[in-house]
Amino acid sequence: MSKILKNLFIGFISFSLISSIIVLAILWNFSNNIPDYKFLKNYKPPVSSKVYSGNGDLVADFSKEKRIFVPYGSIPKNVINAFLSAEDKNFFSHPGVDAKGVLRAIVNNIKNVLTSKRLEGASTITQQVAKNFLLTNEVSLNRKIKEAILAFRIERALSKERILELYLNQIYLGSGAYGVAAASLEYFDKSIKELNYEEAALLAALPKAPSKYNPYRNIELAKFRRDLVLKNLLDNNFITEKNYQNFRKKDIQLKKTKRVYSEDAQYYIEDVRKNIIEILSYEKVYNQGFNINTPINLELQKIATNSLRNGLIKYDQRKGWRGPLLNKSYSKSWSVGLDKYDLENSIDWKIAIIKKISKFSLEIETKDKVKGIIDYNNISWTKKELDDLFRVGDIIYVKYIRDNKFSLKQLPKINGGIVVMDPFTGRVIALSGGFSFKNSEFNRASQALRQPGSAFKPFVYALALENNYTPSSLVLDAPLVLDQGTDLKMWKPENYGKKFYGPSTLRIGLEKSRNLMTVRIAQNLGVDKVAEFSKNLGIYEDPDELLSISLGSAETTLLKLTSAYSAFVNGGKLVSPILIDRVQDSEGNTILNNENRSCLNCDKLSYTGKDFPDVGDNFKQIFSPQTAYQITSLLEGVVKRGTGKKLRDLNLNLAGKTGTTNKNTDAWFIGYTSNYVIGVYVGMDNPQPLGKFETGSKTALPIFKEFIESAIRKSDARPFKVADGITMMVVDPTTGQKAKFSSKDTILEAYKSKNVIDGKVLYSNNNRLDTNNILKFY
């Protein structure tokens with residue numbers, strides 16, 4: 001008997017030894033093939049970068065995963081308790097693997113197999129960290145063994161608090177939210193510090209199956225799962241019986257995070273995204289959680305976008321109906337496959353099908369099955385009989401009016417851009433680069449290179465004023481034929497309307513946009529000077545030195561041209577467009593700051609409120625403050641008497657210039673108040689004539705006007721500040737000479753004080769002239 005026992009003992013020892021060797025060999029083999037976990041000590045999960053408006057509103061985020069990193073010390077106890085109760089109640093006592101939980105899962109899974117129920121796991125939070133950070137989601141014994149080994153090692157390397165911090169910031173909780181902070185905003189629009197126990201329990205219910213228990217998809221199932229977590233909280237003594245009963249009676253109250261970011265700002269935000277990626281790289285922007293502050297004013301952005309869209313629609317309607325999107329046979333499923341025609345919600349157009357055509361109306365059905373009528377008043381812009389234009393089954397755009405009445409809409413063939421800037425800093429307050437970002441992401445404000453036409457002329461006149469001209473200098477307006485060099489045709493510029501007006505003042509030349517006068521001025525100054533001046537202003541990079549440049553023949557962008565106009569408001573200083581004010585990292589350190597101004601006397605200011613800060617800047621002085629004011633005065637004349645006179649009825653202090661290129665291909669209006677510079681461009685993406693009479697005054701200026709009417713108050717359009725060194729004199733606008741007492745038609749002209757002695761403007765003929773260039777300076 002003793003021999004049998006001895007053999008059994010030896011056999012048991014041998015089996016145990018062999019088993020141990022096998023287990024150790026397996027563990028050793030797995031241990032040498034597991035990922036490195038040590039990086040978790042300093043690991044920070046990918047965090048989205050946030051974009052904020054000038055008022056601090058969140059307008060966009062750039063992210064691969066929607067996540068906000070929160071350190072362990074900032075996570076409230078009720079959130080921690082809820083997740084421990086739902087996922088791993090023994091977290092703070094086990095070494096990485098919960099033996100009790102494993103045994104319980106084995107016993108339960110035997111029953112589950114016999115009853116064909118879903119198998120349950122026993123993964124601790126540490127094991128989930130190992131799986132989420134270091135392993136795949138593969139369901140296999142191989143992965144579970146690696147997971148257990150990693151869990152033990154992670155527990156030795158990291159504190160429990162660090163492990164929980166990683167878990168709560170990494171875990172996916174549905175609706176695109178990663179981590180408890182992002183999920184709190186997604187489901188409750190709250191900071192995690194504001195969550196109560198029933199809300200924390202709902203978040204803790206999600207890791208098991210984020211899609212299945214998502215309250216936006218199935219609120220009843222989500223509540224069932226939440227109540228189970230509340231029961232666990234009770235069993236683990238985190239809440240009382242009374243609290244448990246109160247919490248489980250409450251319905252789930254969801255509140256999606258409010259997103260100020262609107263579709264109106266998509267062109268602006270996309271430019272910000274491209275710029276910041278170019279500076280900091282894609283990986284950093286999409287992973288390191290930067291806070292990006294921009295100058296965008298969301299209210300003005302909406303007005304700018306709507307003004308541009310309305311202007312493009314009005315032009316398009318003047319050209320008539322082009323036809324439907326397509327034609328389909330009517331059926332219950334007629335709207336299938338039309339998603340590609342959807343536009344932004346902010347455009348508020350619906351896709352509809354024409355069901356019936358009568359003499360004065362169309363019966364339609366929208367994509368969301370609303371039936372309605374388009375009566376003749378809302379379709380009359382097509383200017384033809386309805387039977388000639390439409391067929392039953394036509395797919396069209398419509399806009400709801402009221403009482404099931406709709407208006408006919410058409411996606412404009414034309415496009416354009418609008419820019420609103422602070423002229424003293426270059427900060428871009430609003431920008432839109434087209435009718436619909438969803439339809440076309442090409443930005444006509446910052447990407448489209450187009451000829452500015454007459455909108456460039458103020459810079460030729462500014463250069464003239466910097467070179468001994470005065471607003472009253474006389475320049476001959478007469479035919480001109482120029483040889484532009486070898487292999488180039490003779491150039492014969494003409495005025496709009498093909499008329500000639502003889503000797504005229506600089507003021508009249510700019511107010512009436514006289515081409516021949518502008519060319520003569522450029523010829524007299526030297527085309528090389530004009531080209532260099534335009535480069536210094538940032539309008540062109542390397543323009544050809546041709547006289548046609550004076551009429552805006554070289555190409556630039558709306559953003560660059562609008563920025564150059566800022567110099568007329570700010571006293572002749574060069575500002576660059578700023579779409580990003582400041583960028584801070586996730587810890588609040590400033591890594592980019594575009595502020596170019598500083599307080600020069602802040603260290604000397606008292607606290608009495610009687611002193612004011614003296615703000616200085618390092619902007620480059622391109623031309624004198626006196627020239628800047630003189631051009632502003634001339635451009636005010638454009639609004640009062642010239643090509644911009646459609647703005648007179650606004651009764652605001654405005655200055656600006658129209659621009660129209662050959663064959664009316666591009667239309668511009670750049671104008672400004674004492675606080676804002678607003679640039680508008682309109683044209684085809686594939687340049688072609690806009691049509692007869694479609695000039696800057698008719699096509700672009702109305703967009704500027706609508707923006708001004710909606711956005712600008714009297715306080716934003718104060719009289720322009722007169723520069724030091726300017727003398728004002730009453731003159732005859734036609735001759736530029738000092739007005740006589742009997743004169744009825746007079747204007748107040750601005751001269752540089754150095755050119756005025758004893759009430760008379762000095763006569764100057766310092767420029768070399770010829771018989772074709774009659775110039776006088778009064």
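**Reading contacts, cores and helix packing in a predicted model**

Q: Which residues are in contact with Tyr565, leaving aside its neighbours within four places in sequence?
A: Tyr565 is in contact with Ala455, Pro458, Phe459, Leu635, Lys657, Ile670, Tyr672 and Val677, once neighbours within four places in sequence are left aside. Bear in mind that this is a predicted model.

Q: How many residues does the largest nonpolar core have, and which of them have the most contacts inside it?
A: The general idea is that in soluble globular proteins nonpolar side chains tend to be buried together. Here the largest nonpolar core has 87 residues, and those with the most contacts inside it are Ile276, Phe459 and Tyr565. Helix α19 (residues 558-570) gives the largest share of this core, eight residues. A second, separate core has 54 residues, including Leu40, Ile163, Ile192 and Leu206.

Q: What can be said of the protein chain as a whole, such as its helices and strands?
A: The secondary structure of the protein chain comes to 21 helices and 31 strands. The chain has 778 residues, and 51% of them count as buried. The protein chain exposes about 38,300 Å², with 51% of that supplied by carbon and sulfur atoms. Take the contacts between residues at least 6 apart in sequence: 69% of these join residues at least 24 apart.

Q: How do I read a crossing angle, and at roughly how many degrees do the axes of α9 and α10 cross?
A: A crossing angle over 145 degrees counts as roughly antiparallel. The axes of helix α9 (residues 219-235) and helix α10 (residues 241-249) cross at roughly 175 degrees and come within 10 Å. The two helices, α9 and α10, are therefore roughly antiparallel to each other.

Q: Which residues of α9 and α10 meet?
A: From α9 come Lys223, Arg226, Asp227, Leu230, Lys231 and Leu234, and from α10 come Glu241, Tyr244, Phe247 and Arg248. Sorted by type, the residues of this contact of α9 with α10 are six charged, four nonpolar and no polar.

Q: At roughly how many degrees do the axes of α2 and α9 cross?
A: Angles of 65 to 115 degrees count as roughly perpendicular. For α2 and α9 the axes come within 8 Å and the crossing is at roughly 100 degrees. Therefore α2 and α9 are roughly perpendicular to each other. Asn81, Ala82, Ser85, Ala86 and Glu87 of α2 make the contact with Arg225, Val229, Asn232 and Leu233 of α9. The residues of the contact of α2 with α9 divide into four nonpolar, three polar and two charged.

Q: How many of the nine residues of helix α7 are buried?
A: A residue counts as buried under 20% relative accessible area. In helix α7 (residues 180-188), eight of the nine residues are buried, so the helix is mostly covered. The buried residues of α7 are Val180, Ala181, Ala182, Ala183, Ser184, Glu186, Tyr187 and Phe188. They pack against β3 (66-67), α2 (77-87), α6 (160-170), β4 (177-178) and α8 (197-205).

Q: Where is Gln410 found, and what residues does Gln410 touch?
A: Gln410 is in the loop between β11 (405-409) and β12 (415-421). With 7% relative accessibility, Gln410 counts as buried. Not counting residues up to four places away in sequence, Gln410 touches Asp316, Gly320, Trp321, Arg322, Gly323, Trp349 and Trp381. Gln410 and Pro324 are 86 residues apart in sequence, yet 8.3 Å apart in space, C-alpha to C-alpha.

Q: In which loop is the place of Asp685?
A: Asp685 sits in the loop between β26 (677-683) and α21 (696-711). Its relative accessibility is 31%, so Asp685 counts as partly exposed. Asp685 touches Asn415, Phe442, Arg444 and Arg450, not counting residues up to four places away in sequence. Asp685 and Gly416 are 269 residues apart in sequence and 8.5 Å apart in space, C-alpha to C-alpha.

Definitions and conventions: Residues are numbered from 1 along each chain as its sequence is written. This is a predicted model: local features need pLDDT of at least 70, side-chain atom pairs count only at pLDDT 80 or more; totals for chains, interfaces and linings use all residues. Side-chain values use heavy atoms; hydrogens and water are left out. Axes are lines fitted to C-alpha atoms, for helices over the stretch in contact, and angles run from 0 to 180 degrees between N-to-C directions. Helices (H or I, at least four residues) and strands (E, at least two) are DSSP runs, numbered from the N terminus. Angles under 35 degrees count as roughly parallel, over 145 as roughly antiparallel, 65 to 115 as roughly perpendicular and the rest as oblique. Contact means heavy atoms within 4.5 Å. Ala, Val, Leu, Ile, Met, Phe, Trp, Tyr, Cys and Pro count as nonpolar, Asp, Glu, Lys and Arg as charged, and the others, Gly among them, as polar. A nonpolar core is a set of buried Ala, Val, Leu, Ile, Met, Phe, Trp, Tyr and Cys residues joined through side-chain atoms within 4.5 Å. Buried means under 20% relative accessible area, exposed over 50%, partly exposed in between (1.4 Å probe, protein chains only). Accessible areas come from the Shrake-Rupley method with a 1.4 Å probe; for residues, only the protein chains shown count as cover.
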